[in-house]
Every structure is written in structure tokens, then in C-alpha cells.
Amino acid sequence: MSSNIQVTRICQHCNKEFIAKTTVTKFCSELCGKRNYKLRQKQTKIAKSEIETQVIRNEKTLPSSKDLANKEFLSVTEVGLLIGCSRQNVYKLINSGKLIASNPLERKTIIKRNDVDQMLKENEINNRSQSLIDETPEYYSMQEIEVKYNMSEKAIYELIKRNKIEKVKRGRYSLVSKKEIDKLLS
């Protein structure tokens, strides 16, 4: 059944008058309908993006290091912000025993500000002693021992462990006293 109705309507997209065959027709052509649909989709995406932007603006910003200087107890995130590392690195410091923390609640870890300061002072002292190692050529790296004595890395580590020779860490490298190694392998 076809309709014999002819109604004058105004297109909701281009605002031109047209003759519609039904009373619910909104657009003058299929092209205007498609363009209006794309425009509505675009406006929906823009509105969603603006809402997300508002949520981000309204979120609590992280406290600045000035605010953290006066706090006696810090969270893991705040310690990370204070010393300039990630939360995972703070947890590594806690697990390795370099930083003392407590868990008063199941999901809340707190750290005393004094413990953070103490850890940083201890590392400062260690860094000074490492710079002295760099200046004195009295240490072999593991690679130097491998080349000089033609040994595998595993054999060197076993030898050091068995004879309880002290290793000094410098970054990712282990250094061993030249005197002790030469005495042992000569």
C-alpha cells in the first residue's frame, strides 16, 4: 500500500522545504539523513570527551613535594613522588629491607618520613665510597677476570663465594679486589 499523502515539511538537517509522503519524515533526502546521523555521532563523542576532561580536572591532584615535607607519615605513592620513582620501586625498597614500612590496614602501607630521609643519607654515603673505588685501580671487574685468567663467569662467582671474597657493587657491575684475586689465582 502506498500513501497518497503529500505533506510539506522542513528538513531537519538543511532546513529546506520538501514534500514528504508520510507525516514522520524528517529529512528531504537520504543524504541529509546520513549527514545528520554523522553530525549526531560527532556531537556525542565531543560531549563524552568533555565529560572525561571535567572528571580529570576535578580529580584530586597529587600533593606537591612542599606538602610532603611537613608530613610525618607517607603513603607509597607519596614516597615515590618525593624521591622521584614509581610505586613499584618503592615496594622493591621495602621488600629488600632498605626502607622500613608498616601495614596498619590490609591495603594501606605507610612509611615514616624519617625512615625515607635515613635511607637517602645511607645511599649518599654508599655513593661516595663507590666514587673512591672508581678512582683507585685496585679492583677487577668480572669481565677483566674472565679475560685475564680465561675463566667462565660462573666459575669466577663460585670461586669468590667459596673463598668468601668481598664483592663491591658499582651500578650493575661487581668489583673484586685485585690483591685477593691475584693471590688466589697466581
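Lys-167 stands opposite Val-176 in strand 8. Strand 8 (residues 173-177) and strand 7 pair in the antiparallel sense over 4 bridges; two strands count as paired if DSSP finds at least two bridges between them. Helices (H or I, at least four residues) and strands (E, at least two) are DSSP runs, numbered from the N terminus.

This is a predicted model, in which local features need pLDDT of at least 70, side-chain atom pairs count only at pLDDT 80 or more, and totals for chains, interfaces and linings use all residues. Residues are numbered from 1 along each chain as its sequence is written, and side-chain values use heavy atoms, with hydrogens and water left out.

The open sheet has 3 strands in the order 6-8-7, with antiparallel pairing. Strand 6 (139-141) and strand 7 (167-170) are at the edges, each with a single partner strand, so one side of each has no neighbour in the sheet. From one strand to the next, the twist averages 35°. Helix 6 (residues 142-149) packs on the sheet and touches strand 6, strand 7 and strand 8, contact meaning heavy atoms within 4.5 Å. The direction of helix 6 makes about 85° with that of strand 6; angles run from 0 to 180 degrees between N-to-C directions, and axes are lines fitted to C-alpha atoms, for helices over the stretch in contact.

## Helices 3 and 4

Helix 3 (residues 76-83) packs against helix 4 (residues 87-96) at an angle of about 100°, with the axes 8 Å apart. The two helices are therefore roughly perpendicular, a term for angles of 65 to 115 degrees. Helix 3 contributes Val-76, Thr-77, Val-79, Gly-80 and Ile-83 to the contact, and helix 4 contributes Arg-87, Val-90, Tyr-91 and Leu-93.

## Nonpolar cores

The largest nonpolar core has 11 residues, among them Leu-68, Leu-74, Ile-111 and Met-119. Such a core is a set of buried Ala, Val, Leu, Ile, Met, Phe, Trp, Tyr and Cys residues joined through side-chain atoms within 4.5 Å. Buried means under 20% relative accessible area, exposed over 50%, and partly exposed in between (1.4 Å probe, protein chains only). Helix 3, helix 4 and helix 5 (113-135) each supply at least two residues of this core, and helix 4 gives the most, with 3 residues. A second, separate core of 8 residues includes Ile-145, Ile-160, Ile-165 and Ile-181.

## Two asparagines with positive phi

Asn-15, in the loop between strand 1 (7-10) and strand 2 (17-20), has a positive phi of about 60°. Asn-15 is exposed, at 60% relative accessibility.

Asn-150 has a positive phi of about 55° and lies in the loop between helix 6 and helix 7 (153-162). Asn-150 is exposed, at 72% relative accessible area.

Note on methods: Parallel < 35°, antiparallel > 145°, perpendicular 65-115°, else oblique.
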